[in-house]
Amino acid sequence: MNSPADTSRVTSAKIVIAGGFGVGKTTLVGSVSEITPLTTEAIMTSASEGVDDNNLVPDKATTTVAMDFGRITIDQDLILYLFGTPGQTRFWFMWDELVRGAIGAIVLVDTRRLADCFSVIDFFEHRKLPYLVAVNCFDGKQMHDLQDIRDALQVSQDVPLMYTDARNRESTKQVLIKLVEYVLSMRRTRTVGVG
Amino acid sequence: MVLGGDEPTGSLVRPYAVTRGRTRPQLEIALEALVETTARGRAGQFLGGREQKVIVDLCGGRLQSLAEIAARMEVPLGVARVLVADMAADGLLAVHEPTGFSDDPGADESVGTELLERVLSGLRRL
Ligand SMILES: Nc1nc2c(ncn2[C@@H]2O[C@H](COP(=O)(O)OP(=O)(O)OP(=O)(O)O)[C@@H](O)[C@H]2O)c(=O)[nH]1
Ligand SMILES: [Mg+2]
């Protein structure tokens with residue numbers, strides 16, 4: 001056991017919450033976070049490449065991307081962060097940093113606008129980041145057959161797909177648990193496959 | 001907010017003014033890396049400027065990630081990263097890197113698996 005003063009083993013992990021504009025990402029983060037979701041901004045300057053350490057940054061075109069995040073203290077030496085992606089997927093520069101080292105991602109979808117998450121799913125598949133799909137029930141009803149949604153999204157049978165209510169803490173908790181279980185099961189399969 | 005919000009512009013610092021225009025930190029620090037004030041940082045006399053004092057206070061209690069520091073100081077992530085990297089280089093802060101879960105074939109999987117199991121049981125306890 002660590003004494004409270006020994007923080008040498010302190011570490012953190014993160015899960016990415018992605019999906020189209022207005023699909024409930026911030027709501028989901030807020031439903032389980034121990035802090036009110038915070039927002040941070042990243043600025044990309046087209047001039048940032050090759051800028052000398054001591055030079056002032058010249059006034060070049062800049063893009064600001066906001067993302068929000070929440071925090072869950074798992075243990076005194078392990079903290080889990082949930083990062084909501086920027087609503088617009090054109091800001092890929094931020095996504096690279098968001099997914100680097102992540103446990104996996106939750107793709108939130110709204111059945112009224114399924115296509116909004118296509119580019120997100122493509123991105124995670126390309127980056128080989130494990131993800132699950134959570135269908136946010138805006139109408140309060142589970143109106144669609146999950147298999148129909150799976151077919152429409154063209155995700156494989158292995159990818160977990162479930163209903164959720166982003167406003168509900170217990171529901172969000174189940175989605176997070178499902179994702180981590182899925183990542184663990186993928187690791188076990190791979191280890192068995194190699195051995 | 002950490003600092004008084006009485007500045008007429010509403011903005012705490014002009015981005016990049018505090019970092020003298022540098023955009024590249026001395027260290028790559030992850031968004032979720034945890035930052036902790038060291039004894040040297042707490043001592044106070046080695047601090048250079050208002051931003052350093054704010055960060056030392058912020059990270060003197062419970063640990064804060066780089067993202068939290070940026071959000072609470074209301075500065076862009078890149079600015080926070082440069083400030084934290086400089087202070088870490090001066091021994092004022094300790095930076096605890098996250099456990100990445102990259103699927104590099106060479107990565108030590110057992111470390112990640114143990115951590116995932118801890119995350120899982122932590123989530124179940126919520
Ligand atoms: N009825 C219902 N409303 C929801 C649900 N989840 C989110 N909302 C509402 O939908 C709106 C958008 O939710 P946000 O959490 O802000 O969505 P977001 O994905 O963060 O949006 P952007 O960051 O702008 O892309 C808010 O008004 C929420 O209150 C849900 O499960 N059911
Ligand atoms: Mg949002």
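Me: So helices (H or I, at least four residues) and strands (E, at least two) are DSSP runs, numbered from the N terminus. Where does A:S31 lie?

Reply: A:S31 lies in helix α1 of chain A. This is a predicted model, where local features need pLDDT of at least 70, side-chain atom pairs count only at pLDDT 80 or more, and totals for chains, interfaces and linings use all residues. Residues are numbered from 1 along each chain as its sequence is written, chains are lettered from A and ligands numbered from 1 in the order in which they are written, and side-chain values use heavy atoms, with hydrogens and water left out.

Me: Is A:S31 buried or exposed?

Reply: A:S31 counts as buried because its relative accessibility is 14%. Buried means under 20% relative accessible area, exposed over 50%, partly exposed in between (1.4 Å probe, protein chains only).

Me: What does A:S31 touch?

Reply: Leaving out residues up to four places away in sequence, A:S31 touches A:A166, A:R167, A:N168, A:R169 and A:T172. Contact means heavy atoms within 4.5 Å.

Me: And chain A overall? How many helices and strands?

Reply: Chain A has 5 helices and 7 strands. From the N terminus, the order is β-α-β-β-β-α-β-α-β-α-β-α. Of its 195 residues, 51% count as buried.

Me: Switching to ligand 1. Which residues come nearest?

Reply: A:G22, A:K25, A:T26, A:T27 and A:N136, out of 14 residues around ligand 1. Near means that a heavy atom of the residue lies within 4 Å.

Me: Which element gives the largest share of that shell?

Reply: Helix α1 (residues 25-32) of chain A, with 3 residues.

Me: What backbone atoms sit by the oxygen atoms of ligand 1?

Reply: A polar backbone atom of A:V23 is 3.1 Å from one oxygen atom of ligand 1. A backbone N or O atom of A:G24 lies 3.0 Å from an oxygen atom of the ligand. A polar contact is a pair of N or O atoms within 3.5 Å; within protein, one must be able to donate a hydrogen and the other to accept it, and residues adjacent in sequence count only if both atoms are side-chain atoms.

Me: What about a nitrogen atom of ligand 1?

Reply: One is 3.1 Å from a polar backbone atom of A:F138. The protein covers 66% of the 650 Å² of accessible area that ligand 1 has on its own. Accessible areas come from the Shrake-Rupley method with a 1.4 Å probe; for residues, only the protein chains shown count as cover.
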